[in-house]
Amino acid sequence: MQQSTVPPTATTVLDPAEQFVKRRRTALWFTVSLLLLSVVILVVGLVSATRTGNVAVAGHYPGIILSFGSFLGIVGINLVENRRPMLVSSIIFVSIGVVAAFFCAIVNGIIAAEFIDRRPLLENRCEFYSSGYAYDNYYTEVTCYSFNSKCKIRVKTNTCYCCDLHSCESPDDHSHYYEYTGVNSCSDVVHLYRLLWSSVVLNILGLLLGILTAAVLGAFKDISPAPQTSPSLAPPPHILYNPTQHMLTYAGFCPSNQALPAYPNYPLPMQHHGNYQPPPPAAPPAPEAPASPSEESQAPSQASSSYMLTPNAPVLYGMSYGPCEKPPPYAC
């Protein structure tokens with residue numbers, strides 16, 4: 001009976017370098033996305049604010065703050081030394097931009113929903129006045145009819161006005177904008193209405209993406225990059241110290257199987273100091289009878305022992321050393 005062996009599911013543990021690269025890629029992706037979105041919010045907000053002269057729109061302020069915060073985040077991600085302070089500054093500006101996007105979304109939504117009525121605009125019941133001069137600051141009186149009554153209102157050049165939204169009985173009480181100054185036609189007001197709702201949607205997206213980006217940057221700033229490991233080299237030689245021989249043996253420089261020729265030990269001539277005076281030459285000895293072979297063999301040994309060692313002469317060691325060993329320094 002064969003038992004089916006199922007391999008255990010092991011959790012994959014990422015290398016610190018791979019984890020840092022993955023977190024860096026994620027943080028960079030969120031920051032670049034926030035930068036692009038903040039630029040779009042800024043452009044739409046500026047177009048909305050400059051579409052008319054009397055409708056107050058504040059949708060471009062979050063785009064300025066978020067774009068600056070995301071730019072600091074991109075710079076901080078690519079830094080090595082001052083990465084943490086730069087990321088902290090980026091998180092602060094992104095957080096301020098998130099708060100600004102929340103309030104601007106509310107303000108633009110209220111303006112588009114409560115103070116702009118596009119029904120007269122879509123039904124072409126609004127009039128456009130233009131004097132032919134773009135910078136005419138003089139007011140002109142025009143007649144407006146509403147609820148079986150007529151009244152005169154003062155408008156400037158390049159103004160779209162809606163008499164249906166203007167009350168002649170109470171001219172100071174208006175719940176909607178009845179005139180829009182600084183426009184080229186009444187269709188610009190319809191574009192303004194659409195831009196306001198687009199700004200609301202973009203600010204909400206910037207709010208959500210800014211929260212996620214701040215969270216990702218906050219987690220990334222605490223991760224330190226993994227140290228770069230150098231390529232593996234050959235291990236250094238092991239230095240062995242032998243206290244009995246007072247020498248260092250280098251085990252990694254000389255192979256053990258290398259054989260060196262052995263040389264016999266010969267007596268070395270002694271070097272004397274310069275102040276040594278040689279003894280005076282002795283008189284030639286008288287001729288003697290020929291020496292025997294045994295006496296001739298003892299002659300070199302007696303001659304070598306005739307030299308006297310001075311007190312400052314180096315000490316001779318008679319021990320032999322291996323091929324990878326060196327003798328100790330001479331004692332002076």
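These legends describe close-up views of a predicted model.

**View 1**
The protein chain holds 6 helices and 7 strands. Along the sequence, their pattern reads α-α-α-α-β-β-β-β-β-α-β-β-α. Of the 332 residues, 30% count as buried. Among contacts with a separation of 6 or more, 68% join residues 24 or more positions apart.

**View 1. Helix H2 and its cover.**
Helix H2 runs over residues 61-78, 18 residues in total. From its first C-alpha to its last it reaches 27 Å, close to the 26 Å expected at 1.5 Å a residue. Buried residues in H2 include Pro62, Gly63, Leu66, Ser67 and Gly69. Further along, Ser70, Leu72, Gly73, Ile74, Gly76 and Ile77 are also buried. What covers the buried residues of H2? The cover includes helix H1 (16-49), helix H3 (83-115) and helix H5 (187-220).

**View 2. His60, in the loop between H1 and H2****.**
Is His60 buried or exposed? His60 has 11% relative accessibility, so it counts as buried; the cut-off for buried is under 20%. Leaving out residues up to four places away in sequence, His60 touches Ile41, Leu42, Gly45, Leu46 and Ala49.

**View 3. Spans annotated as transmembrane in UniProt.**
An unreviewed UniProt entry carries the annotation "transmembrane region" for residues 27-49, 61-80, 87-111 and 195-220. In the model, residues 87-111 are 100% helix and 0% strand. The end C-alpha atoms of residues 87-111 lie 36 Å apart. Residues 195-220 are likewise 100% helix and 0% strand. Their end C-alpha atoms lie 36 Å apart.

The largest nonpolar core has 26 residues. Which of them touch the most other members? They are Ile116, Leu121, Ile153, Tyr161 and Leu196. H3, strand S2 (140-145), strand S3 (150-155), strand S4 (159-161) and H5 each give two or more residues to this core. H5 gives the most, with 5 residues. A second, separate core has 21 residues. Leu207, Leu209, Leu217 and Ile223 are among them.

**View 4. The surroundings of Tyr161.**
Tyr161 is one of the residues that touch the most other members of the largest nonpolar core. Neighbours within four places in sequence are left aside here.

**View 5. An open sheet of 3 strands****.**
The strand order is S1-S4-S5, with antiparallel pairing. Why is one side of strand S1 (127-129) and of strand S5 (179-181) left without a neighbour in the sheet? Both stand at the edges, and each has a single partner strand, so one side stays without a neighbour. From one strand to the next, the twist averages 15°. S1 and S4 pair over 3 bridges, in the antiparallel sense. Tyr129 has Thr159 in S4 as its bridge partner.

**View 6. Lys150, in strand S3****.**
Lys150 has a relative accessible area of 61% and is exposed. The cut-off for exposed is over 50%. Apart from neighbours within four places in sequence, Lys150 is in contact with Thr143, Cys144, Tyr145 and Cys168. How many residues apart in sequence are Lys150 and Glu169? They are 19 residues apart in sequence. In space, their C-alpha atoms are 9.4 Å apart.

Key: Residues are numbered from 1 along each chain as its sequence is written. This is a predicted model: local features need pLDDT of at least 70, side-chain atom pairs count only at pLDDT 80 or more; totals for chains, interfaces and linings use all residues. Side-chain values use heavy atoms; hydrogens and water are left out. Helices (H or I, at least four residues) and strands (E, at least two) are DSSP runs, numbered from the N terminus. The expected span of a helix is 1.5 Å times one less than its number of residues. Buried means under 20% relative accessible area, exposed over 50%, partly exposed in between (1.4 Å probe, protein chains only). Contact means heavy atoms within 4.5 Å. A nonpolar core is a set of buried Ala, Val, Leu, Ile, Met, Phe, Trp, Tyr and Cys residues joined through side-chain atoms within 4.5 Å. Two strands pair if DSSP finds at least two bridges between them. Axes are lines fitted to C-alpha atoms, for helices over the stretch in contact, and angles run from 0 to 180 degrees between N-to-C directions. UniProt positions are given in the numbering used here, feature names are shortened, and annotations may be inferred rather than shown by experiment.
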